[in-house]
Structure formats: structure tokens, C-alpha cells
Amino acid sequence: MAKKGRVFSGARPTGRQHLGNYLGAIKNYVALQDDYDCVYCIVDLHALTTIETTADLKQNTYEMALDWLAAGIRPEETTLFIQSHVPQVTELHTILSMVTPLGKLTDLPTFKEKVRQNESNINYGLVGYPVLMTADIVLYRSDVVPVGIDQAPHIEFAREIVRSFNYRYNTKALLEPQMKNTEIPKVLGIDGKEKMGKSLNNHIELAATPDETRLRVMQMVTDPQRMRRTDPGNPDVCNVFSMHKIFTPAEDVEMINRECRVAGIGCVDCKKRFAENLNKSLEPFRARREEIGKTPNDVWDILHDGAKRARTIAEKTMADVREALQLP
Ligand code: SF4
């Protein structure tokens, strides 16, 4: 079946992936492969804007790629690669930076947020981040970019940069990417408050062992108003229940919803059930991860092969860009 176009998405190399990564991105990456020609990039250069040391960068890249592959990314049809393996992206970044007003970059709420988070390291790369992101997208002639509602302004900004370039150089060398509005669920961590993330240590790794997973689940915060086993609970405010809705068969979800409200089920039992269902759901992933992980070189080969394919597309785009610029 003919695919609908090309999708691009990138993510920083954060190592072993967690449930938040899976439900918020990877699951969608896997599904998109059925309809689109997918280009997925591990954006190591972006990571350099905030990390203090690169000591773990290679291992984190490997672990992340391994998780993506185990989750169902199909490298024979999807281009999976590392950003820095396609140097054309830095060339395009430089060129696009000349048509991007500095004031707009420093006005972006994301830049201000980054400045707040990295007070001791406000570097030039942080300002240019959206330009590098635009270069990532347009270098591979991407038709669409899957984004949640809060990321929509980034893509709109990328479209503005493309329009500026095409207008200034009277060309159609760069394609304006379209947004593919995607519902990205906010997955809360085991604290039940903040978004799941490694920095807050409130995450559950996909590749954790069943015992480790059980332990993390048992630490999950439930309905804060439910103090005793005999108190009725409210599943509507309980993160464990939100997770049940994703990983537990519908009839059990219904039972929990009903019984929790009348103290018919306790949180310990409820969490045990969730841990069991989660472990069961993750079984095939973990088996594939173990299998693929037996030959790490194959993972690197996949990434190198992906970069080769990505460079071919990138070089075509850059040939058009250089021609439009009339560089001597
Ligand atoms: Fe949450 Fe389950 Fe406890 Fe109800 S019984 S508060 S759904 S953990």
C-alpha cells in the first residue's frame, strides 16, 4: 500500500526508556510506520545543549535505540539514525540561522524555560535549538511531524523559517512541514504528581525486571484521600487507576472502578494486579530486547545504515539549498 508521506520525529538520547516515553512517543512511532515513510532520529547534538558530560552519551544512544527496536520500530522500512551522523544538518542549521530573527528566538517561551533550567550554562546552542530542530525536519523533506498541542508553536516556527528562506532566495528548495496533531497522553510518574521522567526518578523502565517493576508499582501514590483500607477511594484521581485503564482488561477495570469506591478492593491488591498486568504486557518487549541485545553490533549497524539512507536524502536537499543560495 502506498504510504501517505514522510514523517519525521526526533528524541534526545536518554538511555533506557520508561513508560512515559513509550505511551507518549514510541507507541505512536510504531503505529505511524503502517501509513508513513518514517524517519526517526536520536538527536545527540540537541542533547549537547544541556548535558554536562558526554560520558554516557554513547551508551544512552544504544540503550534508547535498543528499546525502540524492541518496541517495534522496523529498521528495514524506517530510517533510524543518530543526528550527528548526518553532518549536513549542521550546515543547514547555519544557513537557516541567517533567516531567523534573533529576537524571535529569545522570545520563545521554550527558550525562557531553558534559561531558567540551565542558569549556569546559557549557551548559544540553546538559542539556536529551534533552528536546528527546523533543519532536522526539513533536511529529510518531511511532510508531517507528529506533535502534541503544546509543541504546535515549534512547528509553526519551523514553517516560518522555511517560508523566510524560500522567499528570500526565491526558491522552493525547502518543504513546509505540516503538523500531525497527535494526542500525547501526559503520563504521571509513580509520585502521581509530576510527569514521568528520569530526572525526577519517578519512572518505570520498560526493560526493568518483573520484580523491579513490581517494586516500583508498589511505591505508586494512589488516591491521597484514602488513608485506610476501609476508606472508600476515588479512582478518578488515582494514577494507578489511569494505568489500569491502559494495561488491564476492560472487565477488571470496571470492577476496580466499582469496588474502589466502596472500599471493596484495597490499594495493595489493586497495585499487585496492575504490576501483574504491566509485566504481562511488557513480556514480548523484554524478550525482543534480550534477543536484539545479544548482538549490540547489529544495533550499531542498523543506526549506521539508517544514517547512510538519511545522508542520501539530506544531500539532495542540500544540493537544492546550495543552488538556491548561489554559493560560489
Ligand atoms: Fe487507586 Fe486502586 Fe487504590 Fe482505588 S484501589 S485508590 S484505584 S490504587
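How many nonpolar, polar and charged residues are in the shell around the ligand? The views below come from a predicted model.

**View 1. Shell around the ligand by residue class.** Seven residues of the shell are nonpolar, one is polar and two are charged. The residues that surround the ligand are Thr222, Asp223, Arg226, Cys238, Val240, Phe241, Cys260, Ile265, Cys267 and Cys270. Helix H10 (239-247) and helix H12 (267-293) are the elements that give two or more residues to this shell.

**View 2. Location of the ligand in the largest cavity.** The ligand sits in the largest cavity of the model. Among the residues surrounding the ligand are Asp223, Arg226 and Phe241.

**View 3. Asn170 in the loop between helix H8 and strand E5.** Helix H8 spans 152-168 and strand E5 spans 178-181, with Asn170 placed in the loop between them. The phi of Asn170 is near 45°, a positive value in a residue other than glycine. Most residues other than glycine have a negative phi. Asn170 has a relative accessible area of 73% and is therefore exposed, the cut-off being over 50%.

**View 4. Gln326 in the segment after helix H13.** Helix H13 covers 296-325, and Gln326 lies in the segment that comes after this helix. Although Gln326 is not a glycine, its phi is positive, at about 55°. Gln326 counts as exposed because its relative accessibility is 68%, against a cut-off of over 50%.

Conventions
Residues numbered from 1 in each chain as written. Predicted model: local features only at pLDDT ≥ 70, side-chain atom pairs only at ≥ 80, totals over all residues. Heavy atoms only, no water. Near = heavy atom within 4 Å. 1 Å grid on protein atoms, 1.4 Å probe; cavity = no way out; pocket = protein on both sides within 12 Å on 5 of 7 lines; lining within 4 Å. Sits in = over half its atoms within 2 Å of the grid points. Helix = DSSP H or I, 4+ residues; strand = E, 2+ residues; numbered from the N terminus. Nonpolar A, V, L, I, M, F, W, Y, C, P; charged D, E, K, R; others polar. Buried < 20%, exposed > 50% of the residue type's maximum accessible area, 1.4 Å probe, protein only.
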